[in-house]
Amino acid sequence: MMNQHDHGTTHINWNQIFALAALDASILISWLAYHEFQPKLLQKFHFDHLHGFVLYAQSFVILLVPLLAGGLADYLRKKNFNTLLVYAVGISVASMIFMTVSYTISDNAFQGLTGLLPIMIVLWLISMNVFHSPANSILEEFSQSPRMPLVMSVISIASVLVYISKPLILKSLDMLGGSITFLIGGLVLVITGIWFGKATRTLVIGNHHVGEQEPNRFHIVVMAGLITGLANSLILHFFPAILETKFGAVETIFDEYIYVSAMLCVTAIATLPLSSWAQKRGIYPSFVISVFTSFISMLIILLSPWFWLSMVGSLFLALSYGVLLITSFPHALRNINPASATFGTGIFFACFEFFEVLFTLISPHH
């Protein structure tokens, strides 16, 4: 019997894709909340001496847990358990810890629980990283579809919109305060989690490929994750200051982030049209072109003595970054055996986060 992958025109359930995009965006916002309030909470409750421990625990968790969660999910699937069980447990624990932290820091009645705060922070980190890989591994279902770039553009736009709004989100969180932020964070995770769970409850990842013996080329997955993660981290960590130096400071609510936000607006607007370009050209060639263009554009911006050339470099960086976001993960998925879909997804995300972890360790103030 012919399955849907044999003719390469997989039906795309857009409810699943929009639910995943919303979930990924809520995870990014949760990360912003975590990075904003974790140092403040440690200081407020006199755990400053544990800052180093939490930083290294965070690094360890971000790099290792996606692999373990992915491996566990694939093992459970081989034993005929639902892969998304790992996701469901992760999201439940993460949202419960959000709520617990909210109550712990909001009321004197809960002051006795503050001693558990460092443990809760580590558990929250683990739970947040547990469900990310199993959730995103549903994209393996569409990995051979010619419309995969379009699928990725929807998910990428959701993430880019969070990056664009980062200064506004952080200022809003500061106004709300830690307690309300963690309460809202827990609720948002529950809502997006339920939506995603309902949208994917009939989806069984990987089983439609049972007869196929696609080899795992994890070295390609590692390279795709590292390259994309490096570009992403350079843009978000260093280019706000670099572009401000190039184009001059502007007094806005965005501070030094104004130029990167403007550049990412171009990325968000261009990503949908670029997805059809990537579809025509092919995932792998588009990925290679986007990698070279991204890093050459960064060099042009860094080295250019001329304003107009820096502007051209910024435009090309915005466009190539969009293509990179919509092609790197599909390229990785095409080098993973469907039976290892979730573990391979975990490898990609761990590698994607590697430079983020490295830059955070080198400059903890970020």
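Helices here are DSSP runs of H or I with at least four residues, numbered from the N terminus. The model is predicted.

**View 1. Ser137 in the loop between helices H4 and H5.** Helix H4 covers residues 117–136 and helix H5 covers residues 148–164, and Ser137 is found in the loop between them. The relative accessible area of Ser137 is 0%, so this residue is buried. The side chain of Ser137 is joined to the side chain of Thr342 by a polar contact of 3.5 Å.

**View 2. Helix H2 against helix H13.** Helix H2 spans residues 51–78, and helix H13 spans residues 341–362. The axes of the two helices come within 8 Å and cross at roughly 175°. Because of this angle, H2 is roughly antiparallel to H13, the cut-off for that term being over 145 degrees. The residues of the contact of H2 with H13 comprise 14 nonpolar, seven polar and three charged.

**View 3. The salt bridge between Glu36 and Lys40 in helix H1.** The structure holds two salt bridges, and one of them is formed by the side chains of Glu36 and Lys40, at 3.2 Å from N to O. Both residues lie in helix H1, which runs over residues 14–44. Glu36 and Lys40 are four residues apart, about one turn of the helix. Glu36 has 18% relative accessibility and therefore counts as buried, the limit for that class being under 20%. Lys40, at 37% relative accessibility, counts as partly exposed.

**View 4. The salt bridge between Lys40 and Asp174.** In this pair the closest N and O atoms are 2.8 Å apart. The pair links distant parts of the chain, with Lys40 in helix H1 and Asp174 in helix H6, residues 166–176. Lys40 and Asp174 are 134 residues apart. Asp174 has a relative accessible area of 37% and is partly exposed.

**View 5. The network of Glu36, Lys40 and Asp174.** Salt bridges link these three residues in a network. Lys40 forms a salt bridge with Glu36 and also with Asp174.

Conventions
Residues numbered from 1 in each chain as written. Predicted model: local features only at pLDDT ≥ 70, side-chain atom pairs only at ≥ 80, totals over all residues. Heavy atoms only, no water. Axes fitted to C-alpha atoms, helices over the stretch in contact; angles between N-to-C directions. Parallel < 35°, antiparallel > 145°, perpendicular 65-115°, else oblique. Nonpolar A, V, L, I, M, F, W, Y, C, P; charged D, E, K, R; others polar. Buried < 20%, exposed > 50% of the residue type's maximum accessible area, 1.4 Å probe, protein only. Polar contact = N/O pair within 3.5 Å; in protein donor to acceptor, adjacent residues only side chain to side chain. Salt bridge = Lys/Arg side-chain N within 4 Å of Asp/Glu carboxyl O.
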